[in-house]
Amino acid sequence: MVEPRRKFKTERLFINMGPQHPSTHGVLRLGLSIEGERVVSVFPDVGFLHRGIEKLAEKRTYVQFIPLTDRLDYLAAMSNNLAFVLAVESLLEVEIPRRASYIRVIVAELSRLASHLVWLGSFANDLGASTPLLYCFREREDILDAFEILCGARMTFNYVRFGGVARDATPEFVEKCRKFLSTFDKRVDEYEQLLTNNVIFVNRTKNVGILSREDAISYAASGPMLRGSAIKWDLRKDAPYLVYPEMDFIIPTGTVGDVWDRYVVRIIEMRQAARILRQALDGLPEGDFKAKLPRVLKPAMGEAYSRVEAPKGELGFYVISDGTTNPYRVRIRAPSFINLAAISAMTEGALIADLVAILGSIDIVLGEVDR
Amino acid sequence: MEDSESGSSGQKGDPSKREVPTVQTSAVVDLLIKRFSDSVSVVEEKVNWPSVRVKLEALQNIATFLKQEPTLDFDYLTSISGVDYPERSPRFDLVYHFVSLKYKHVLAIKVGVGEKEVAPSLTPLWKSADWNEREIFDLLGIQFSGHPDLRRILLPDQWKGHPLRKDYVLAEEDKFPGD
């Protein structure tokens with residue numbers, strides 16, 4: 001006799017998602033404790049890509065460490081360069097030329113676009129919509145081409161330097177950016193056509209993976225994660241650096257903090273980044289692109305914590321100088337690492353299939369999580 | 001934020017002692033020093049955030065105060081860093097960077113922790129402390145009491161030693177079989 005259905009018990013199982021799993025976009029292992037299709041708890045296991053970058057910093061000079069920052073969030077390497085350079089400049093107490101400041105804003109916002117485009121394409125792909133991936137990478141290609149004109153590299157730039165930037169922005173580069181921006185807003189409309197009004201996409205993201213306001217703050221989530229949970233906080237406005245106070249842009253926020261909100265926030269952020277870029281290109285002043293600094297850098301003893309609004313959130317560098325050519329200690333506050341910690345709060349009771357959407361919505365880069 | 005002369009308090013024999021001490025101070029720093037005069041002191045280092053040095057045994061109390069005092073409202077613990085000063089006693093520094101999303105003010109707290117000492121975990125107050133403390137435990141070997149799940153996070157569980165300590169020997173790692 002078969003027992004009545006309601007008497008079946010579900011056994012709690014432990015399964016591994018990753019370290020080799022297509023939706024983790026790198027080497028991340030999620031240990032899942034599941035009951036049927038529901039997730040009881042998630043144990044993220046990170047560190048597979050740990051290269052000891054903070055230790056390497058102690059063995060190198062300040063200038064030699066900039067290329068290593070490219071390898072943190074390699075999808076937005078300019079932002080990493082910038083965050084480290086700003087921390088050291090705070091120790092050096094150097095004024096940077098206005099033109100350099102503008103160029104830095106331009107490359108930081110281009111980085112934001114490149115990073116959000118990769119996110120959007122791969123996130124949609126994770127949810128089964130493979131078309132946006134191709135479109136997003138097409139636009140990202142233009143940005144990488146612009147970077148190539150600017151500094152010769154496409155992914156790892158080593159471009160933002162102490163006192164300014166490595167090379168001046170040529171008219172060619174400005175032209176390339178303008179050409180890209182002239183069609184970009186229409187492109188975003190295209191993505192939205194494919195996703196925002198797509199009922200499958202909406203059903204898979206709305207009310208999924210909710211991160212409450214309180215949890216977002218307590219976990220120190222940042223970037224689109226924090227703004228998705230209805231907290232208006234953006235370091236470009238709330239702790240301004242470079243020439244951001246002169247730029248006109250808005251900070252988008254979500255309402256409930258679900259995957260959908262994070263998607264909407266990133267879409268609006270792309271439009272706003274394009275807006276900042278236009279203003280920065282229009283206002284780009286003439287002048288030096290680099291301040292004069294001694295060839296051998298020895299920042300005065302002291303320490304500095306500086307943070308920037310990187311595409312993925314607050315990227316902070318805590319640099320301690322002992323007055324020698326090498327930093328005494330460099331600590332990296334990586335947004336992906338801190339944001340990933342909040343995954344357990346978002347996945348309680350979620351479906352396994354939704355886990356892919358939730359993980360994708362955090363937008364992690366393992367180079368930055370594991371450092 | 002403004003610069004002012006620093007007091008004479010601080011760690012003795014500190015190799016990070018600065019020759020010309022300048023301290024950035026703020027209303028928050030003044031308030032803390034006034035209220036916890038015996039356990040909070042100004043920092044001697046040149047810093048770019050308002051900072052105070054706190055005694056280890058007072059950390060729990062002061063952290064609770066920072067979070068619960070409505071005029072401060074430090075609801076966002078953005079980062080915890082560990083620093084090794086092998087020639088100093090206490091050997092380690094924990095540096096907590098706090099932000100108030102409401103008032104937009106910031107504060108850094110530095111706490112000296114000896115090799116045999118255990119720091120209180122701030123995870124019950126700020127969940128972001130969880131992974132930060134695990135990372136410090138992993139890379140510097142500082143123990144935290146009251147942490148819900150203190151394991152290595154970046155390195156494998158069977159790893160020996162703590163790489164961010166200044167006396168960690170790297171040479172062994174660089175050798176390949178047959179070298």
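**Close-up 1. Pairing of strands β5 and β6 of chain B in a predicted model.** Strand β5 (residues 76-84) of chain B and β6(B) pair in the antiparallel sense over 8 bridges, where two strands pair if DSSP finds at least two bridges between them, and helices (H or I, at least four residues) and strands (E, at least two) are DSSP runs numbered from the N terminus. Within this pairing, B:I80 stands opposite B:Y96 in β6(B). The model is a predicted one, in which local features need pLDDT of at least 70 and side-chain atom pairs count only at pLDDT 80 or more, while totals for chains, interfaces and linings use all residues. Residues are numbered from 1 along each chain as its sequence is written, and chains are lettered from A and ligands numbered from 1 in the order in which they are written.

Close-up 2. The hairpin of β6(B) and β7(B) has 6 residues between the strands, and in it B:K104 takes a positive phi near 65 degrees.

**Close-up 3. Packing of helices α6 and α11 of chain A.** The axes of α6 (residues 171-195) and α11 (residues 259-283) of chain A come within 10 Å and cross at roughly 160 degrees; axes are lines fitted to C-alpha atoms, for helices over the stretch in contact, and angles run from 0 to 180 degrees between N-to-C directions. That makes α6(A) roughly antiparallel to α11(A), a term that applies to angles over 145 degrees. Among the residues that make the contact are A:L181 and A:F184 of α6(A) and A:M270 and A:L277 of α11(A), two residues being in contact if their C-beta atoms, placed from the backbone, lie within 7 Å.

**Close-up 4. A sheet of chain A.** An open sheet of 3 strands has the order β6-β7-β8 in chain A, with antiparallel pairing. β6 and β8 of chain A stand at the edges, each with a single partner strand, so one side of each is left without a neighbour in the sheet.

Conventions:
Angles under 35 degrees count as roughly parallel, over 145 as roughly antiparallel, 65 to 115 as roughly perpendicular and the rest as oblique.
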